[in-house]
Amino acid sequence: MAYEVRFCSNCATELQWIVATEDSGEVQRLRCQSCGFTHWGNPTPVLAAVVEGDDGRVLLARNALWQEGVFGLITGFMEAGESPEAGICREVLEETGLRVKALRLLCCSEFLRMNQVLIAYHVRVEGRPEDVRLSPELLEYRWQTAEESLCWPAGTGYALAEWIKQKGFEPRFGAFRPGQNPEPDPAKWPVRRWAEDTRFMVAPALD
């Protein structure tokens, strides 16, 4: 369910769409005429984990709100006062009962439809595959090899694809839900390295 911000969080006055001058020029945003508060609507940071066990398989889970047969990565919101690294360790423990023993940043991407920024980590966890204890938010789980895994062309699907590629396999994509385009967005996959990105050029030599 999507919620819409309508009132000032400082004085409770109803917000209005007002144009004001900012660093980038004149911008229309929801603002409070009473106290001057601005609702910036900044993206929410969401953490995601490609959870790998000691046998090299990845853990995918099905959210209680998803249809049968749909599995994804372990995700959650970053909380105030914690680093992304601490947040993803907390989320993995809360959602699966497994403790992270090593982690590395995998990729960052935008999820415009939900106004979120996805920060994805590749984590290694302690314990056996059968030690998983799902939170009430998750209904079931499965462990899959990189070869068996099918990526989805949105959000965290690209993080899974990056992990699979780093494992030495070519990622395969498929629709996350019926009716969805199964092909990845060419602007997001494959990831272009600097040498392949025409926006970059060799810097001029300085005397």
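Residues are numbered from 1 along each chain as its sequence is written. Because the model is predicted, local features need pLDDT of at least 70 and side-chain atom pairs count only at pLDDT 80 or more, while totals for chains, interfaces and linings use all residues; side-chain values use heavy atoms, with hydrogens and water left out.

Let us begin with the whole chain. Its C-alpha trace spans about 60 × 55 × 40 Å along the principal axes. You will find two helices and nine strands, where helices (H or I, at least four residues) and strands (E, at least two) are DSSP runs numbered from the N terminus. Within residues 41–166, 18% is helix and 38% is strand, and the end C-alpha atoms lie 35 Å apart.

Strands are taken to pair if DSSP finds at least two bridges between them, and two bridges are what link β2 (residues 25–31) to β3 in the antiparallel sense. At this pairing, Arg31 stands opposite Thr38 in β3.

A second pairing to look at is that of β7 (100–111) with β8 (116–125). These two strands run antiparallel and are joined by ten bridges. Arg104 stands opposite His122 in β8. Together β7 and β8 make a hairpin with four residues between them, and in that turn Asn115 has a positive phi of about 55°. In a regular strand the side chains alternate between the two faces of the sheet.

Glu82 sits in the loop between β6 (74–77) and α1 (84–96). What does the side chain of Glu82 reach with its polar atoms? One of them lies 2.8 Å from the backbone nitrogen of Glu79, and a polar contact of 2.7 Å joins the side chains of Glu82 and Arg90. A polar contact here is a pair of N or O atoms within 3.5 Å; within protein, one must be able to donate a hydrogen and the other to accept it, and residues adjacent in sequence count only if both atoms are side-chain atoms. Leaving aside residues up to four places away in sequence, Glu82 touches Phe77, Gly87 and Arg90, with contact meaning heavy atoms within 4.5 Å.

That brings us to the open spaces. On a 1 Å grid over the protein atoms alone, a pocket is an open set of points with protein on both sides within 12 Å along at least five of seven lines, a cavity is a set where a 1.4 Å probe fits but cannot get out, and lining residues have an atom within 4 Å of a point. Points are joined across faces, edges and corners, and a volume is the space filled by probe spheres set on them.

The largest pocket has a volume of about 1100 Å³. Of its 35 lining residues, Trp66, Thr75, Phe111, Met114 and Gln116 lie nearest its centre. The largest share of this lining, four residues, comes from β6. By class, the lining holds 18 nonpolar, eight polar and nine charged residues; Ala, Val, Leu, Ile, Met, Phe, Trp, Tyr, Cys and Pro count as nonpolar, Asp, Glu, Lys and Arg as charged, and the others, Gly among them, as polar.

The second largest pocket holds about 460 Å³. It is lined by 21 residues, with Cys108, Ala187, Lys188, Val191 and Arg192 nearest its centre. Here β7 gives the largest share, four residues.

Among the residues lining the largest cavity are Cys107, Cys108 and Ser109. β7 again gives the most, with three residues, and this lining has six nonpolar, three polar and no charged residues.
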